[in-house]
Amino acid sequence: MAIWTPGWSTTPPGESDLVLAITGDSVLKPDTGWLSPWQAVSPFTDSRTSPVYVGQLDGQAVYVAEADTLPGKPQPVPLRDALLMMEDAPAHMLGTAFQIHHWWRDHRFCGRCGGTTGLHPLERAKWCEACGIPWYPRLAPCVIVVIRRGKHMLLARSSRVKRHFFSLIAGFVEPGETIEEAVVREVKEETGLDVSRVRYQTSQPWPFPHQLMLGFFADYAGGDLVLQEDEIAEADWYLPEEMPPVSPSTTIAGRLIQAMAEEITGKGAQP
């Protein structure tokens, strides 16, 4: 299995260094694998942005760059499709590359004075010399929670996602609140339910475009389902053996659902 190590460098790519070529929100996937040598990608890159170092794959430098096309017949694969539908996709590498590319593209200019930013000499940041401000990659903390009620768990289908599978209640952490308070608030806003015993489980970077998903278990504490229709199309309580199609195991939602199913059936570690 290939070893992916995220990192940072200001060194430009050499001809044989590897590049993840993207166009918009899709990967330009070569016939084999996901990466191409810089010498093959460079003639097709967007002149407004430069390649950005994102880490190493098996010790070889990897960059991300925006390109119009690639030699041969590259397959544009939407990032969401890669992470949700392709179990062999290198999720950590793809997520890191897309988040870094978004940051690099969106901070070409200083948000305070409008001047052109340069590279910070010591760390991963864009630097405004005039203002003395570093512009770091953004991270937006989000909570996602599976709610248990006896032998049942709450599953919900988003009104914003076309794929017909069920997932979990999720939302952004707001200024001034803890992540546990965010869980309680999001559940109340989107479902009308109260929860207790909120407990952290795991996390996952989620590059749409710069989220950090923080996963929780919680217990039902009262209330009836009243759905926030612009967020939730449908929701209900399900036994582990009677679940509808759910998020794949490549996602934090899928792993949380599986972990809760194992807890309910007694096959996993008990809290």
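**Exercise 1. Overall composition**

How many helices and how many strands does the protein chain have?

*Solution.* The model under study is predicted. Its protein chain contains 5 helices and 16 strands. For the overall extent, the C-alpha trace spans about 60 × 45 × 35 Å along its principal axes. Of the 271 residues, 46% are buried. The accessible surface amounts to about 13,800 Å², and carbon and sulfur atoms account for 52% of that area. Finally, consider contacts between residues at least 6 apart in sequence: 65% of them join residues at least 24 apart.

**Exercise 2. Helix H3**

Determine the span of helix H3 and state whether H3 is mostly covered or mostly open.

*Solution.* Step one concerns length. H3 comprises residues 91-106, which is 16 residues. From first to last C-alpha, H3 reaches 22 Å, close to the expected 22 Å at 1.5 Å a residue. Step two concerns burial, for which the cut-off is a relative accessible area under 20%. In H3, 12 of the 16 residues are buried, and the helix is mostly covered. Among them are Met93, Leu94, Phe98, Ile100, Trp103 and Trp104, together with the polar residues Gln99, His101 and His102.

**Exercise 3. The nonpolar cores**

Which residues have the most contacts inside the largest nonpolar core, and what does tryptophan 34 touch?

*Solution.* The largest nonpolar core has 43 residues, and those with the most contacts inside it are Leu20, Trp34, Leu94, Met153 and Leu168. A second, separate core of 18 residues includes Ala156, Ile169, Leu214 and Ile232.

**Exercise 4. Backbone exceptions**

Where do aspartate 58, arginine 197 and proline 209 lie?

*Solution.* The reference is the general rule: most residues other than glycine have a negative phi, and most peptide bonds are trans.

- Aspartate 58 has phi near 50 degrees, a positive value. Aspartate 58 is found in the loop between strands E5 (52-57) and E6 (60-66), and is exposed at 53% relative accessible area.
- Arginine 197 also has a positive phi, near 50 degrees. Arginine 197 lies in strand E14 and counts as partly exposed, at 48%.
- The peptide bond from phenylalanine 208 to proline 209 is cis, with omega near -5 degrees. Proline 209 is in the loop between strands E14 (194-206) and E15 (211-222).

Note on methods
Residues are numbered from 1 along each chain as its sequence is written. This is a predicted model: local features need pLDDT of at least 70, side-chain atom pairs count only at pLDDT 80 or more; totals for chains, interfaces and linings use all residues. Side-chain values use heavy atoms; hydrogens and water are left out. Helices (H or I, at least four residues) and strands (E, at least two) are DSSP runs, numbered from the N terminus. Buried means under 20% relative accessible area, exposed over 50%, partly exposed in between (1.4 Å probe, protein chains only). Contact means heavy atoms within 4.5 Å. Accessible areas come from the Shrake-Rupley method with a 1.4 Å probe; for residues, only the protein chains shown count as cover. The expected span of a helix is 1.5 Å times one less than its number of residues. A nonpolar core is a set of buried Ala, Val, Leu, Ile, Met, Phe, Trp, Tyr and Cys residues joined through side-chain atoms within 4.5 Å.
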